[in-house]
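Have a look at the structure first, then read on.

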Amino acid sequence: MAIVIRDAEVITMDAATGSTPVTRSIRIEDGLIVEIGASVTLRDTDTVLNGRDRLVCPGFVNAHTHSWEYLAKGRYDNLPLELWMLYSYPILGAAPLPPDLVRLRSLLFAVESVRSGVTTLVDDVLETPSQDFAQLDAVFDAYDTVGVRANISGHVINRPFIDTVPYAAQWLPSEVAERVRSAPLLSAGEYLDFSAEAFRRYAGRAGGRLRYMLAPSGPQRCTDDLLAGATELALEHDAECHIHVLETKTQAVTGREFYGTTLVEHLRRIGALSANTTLAHGIWATDADIDTLAEYDVCVSHNPVSNLKLGSGIAPWRRYHDAGVTLGLGSDGCSSSDTPRLPEVIKAAALLHKVTGPGHESWPTADEVLRAATLGGARSARLHPDVGSLEVGKKADLLVYDLGTLAFTPRNRLDLQLVYSENGSSLRQVMIGGELVVEDGRVTTVDEDALLAELRERLPGIQAEQDRVERENTVFHEAFERMYRACAGEDVGVHRWSGDPARVAPGM
């Protein structure tokens with residue numbers, strides 16, 4: 001039995017019509033788009049959906065997020081990344097989350113994501129203090145249940161965290177530094193063996209809807225052999241290799257202090273750049289870095305909301321575009337942006353870069369932003385043959401919006417209204433692989449109320465544990481504060497904050 005959507009306004013994101021709305025019908029069979037045009041085949045056994053007063057577009061790809069942070073939503077403010085991580089990714093004292101709580105966390109994260117129009121997640125999953133297969137199974141099981149498409153990582157840091165930033169260790173009490181450095185860490189071989197087993201374990205999961213990806217945390221947080229090995233293993237499996245690079249000015253200083261060059265150049269030198277590599281953030285990249293990324297066909301996931309909340313800076317949007325670097329859009333984690341909803345990210349990306357200069361001809365266009373939210377994210381996830389646009393042969397991952405809502409009133413340019421006016425409130429249906437996972441704003445695959453009730457019951461214990469761990473990690477705050485301010489005052493050759501460079505480090 002096929003599903004036919006008749007006579008809808010459609011943003012295909014294909015090469016012919018791009019983000020320009022056109023009136024089309026869509027025929028879906030076995031989870032695939034088999035026809036799209038002014039008219040399509042109709043049979044008596046088809047389920048026909050009336051597309052009049054509806055806008056249909058490809059599902060959004062959240063090209064960088066961390067479901068790990070869902071339980072810390074709304075806990076922190078006015079902390080730059082290096083200080084925020086002390087509490088959201090604690091160095092000391094965290095106990096492993098039990099798999100049943102990982103599953104609950106992942107279910108809620110997926111529900112909120114698909115309800116906002118995200119059909120594909122690039123979920124860089126980190127567990128503190130380390131990840132095991134029981135926890136990773138719980139994420140795969142949750143996403144299988146909800147019906148979302150996802151790349152799911154084994155995230156790894158295999159250097160002591162105090163040695164992943166410059167200067168800070170010298171200002172810590174020696175006993176604290178010794179305790180951190182004595183904690184066990186994975187070797188490159190152990191992580192690559194874990195990942196090889198993950199590829200075997202999850203191969204074909206949910207008909208290929210769920211895939212494992214590699215996620216070495218960053219070039220300053222992982223050893224060179226791990227970074228190069230992860231790049232090679234990703235190529236072997238045509239999987240994504242997802243790395244945090246140049247998110248903050250501190251990381252720009254780190255590259256110079258650790259390697260005598262930029263972090264991008266260091267990755268190039270050790271053989272850790274490829275067409276399967278996605279850099280999360282890439283804010284403090286130099287012009288030479290950007291040219292290198294374009295040469296190696298590396299993608300960048302742009303996370304404007306998180307970058308704003310953590311004060312990380314403004315990524316060079318136009319420079320990336322001019323160089324031909326593929327950009328995706330990500331929400332980042334629910335503790336650094338406090339939401340997995342991509343419509344907020346789409347609008348922020350469209351607006352933020354308009355204030356970086358007066359040349360309005362270089363400001364982001366709606367087409368560029370929607371392309372990043374769909375095709376760009378799909379390319380970074382290595383899923384572009386299957387998702388990201390509405391075309392014959394691609395998976396039926398699509399969104400259906402009600403054009404009778406206030407967000408689309410008056411009905412002018414639907415592409416602009418999708419970017420600037422719609423916040424998810426007009427979304428009526430979400431289809432992933434031809435299956436309706438959201439109907440009339442409700443997820444059809446799980447009992448949302450039961451999930452929320454379970455979390456409410458467990459929340460006092462969760463928050464008590466969070467409070468305890470945060471108190472234990474305040475021991476790092478003063479040293480990391482000094483490090484942050486020292487790095488903020490240094491010259492790294494580029495400036496990515498909106499304020500006067502001479503005034504970006506108050507108190508120095």
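Helices α3 and α5 cross with a right-handed sense. Keep in mind that this is a predicted model.

**How α3 and α5 pack**
- Two packed helices get described by the angle between their axes and by how far apart those axes are.
- For α3 (residues 133–146) and α5 (residues 188–202), the axes come within 12 Å and the crossing angle is roughly 40°.
- Angles under 35 degrees would count as roughly parallel and 65 to 115 as roughly perpendicular, so α3 ends up oblique to α5.

**Who touches whom**
- On the α3 side, the contact residues are F133, L136, D137 and F140.
- They meet F194, E197, A198, R201 and Y202 of α5.
- Sorted by class, this contact has 6 nonpolar and 3 charged residues, with no polar ones.

**Cavities**
- The count comes to 6 cavities of 30 Å³ or more.
- The largest cavity has a volume of about 130 Å³.
- Its lining is made up of 18 residues, and H66, W84, M85, Y89 and H244 are the ones nearest the centre.
- Which helix gives the largest share of that lining? Helix α1 (residues 81–88) does, with 3 residues.
- By class, the lining of the largest cavity splits into 8 polar, 6 nonpolar and 4 charged residues.

Terms used: Residues numbered from 1 in each chain as written. Predicted model: local features only at pLDDT ≥ 70, side-chain atom pairs only at ≥ 80, totals over all residues. Heavy atoms only, no water. 1 Å grid on protein atoms, 1.4 Å probe; cavity = no way out; pocket = protein on both sides within 12 Å on 5 of 7 lines; lining within 4 Å. Points joined across faces, edges and corners; volume = space filled by probe spheres on them. Helix = DSSP H or I, 4+ residues; strand = E, 2+ residues; numbered from the N terminus. Nonpolar A, V, L, I, M, F, W, Y, C, P; charged D, E, K, R; others polar. Axes fitted to C-alpha atoms, helices over the stretch in contact; angles between N-to-C directions. Parallel < 35°, antiparallel > 145°, perpendicular 65-115°, else oblique. Left-handed = near helix turned anticlockwise from the far one by under 90°. Contact = heavy atoms within 4.5 Å.
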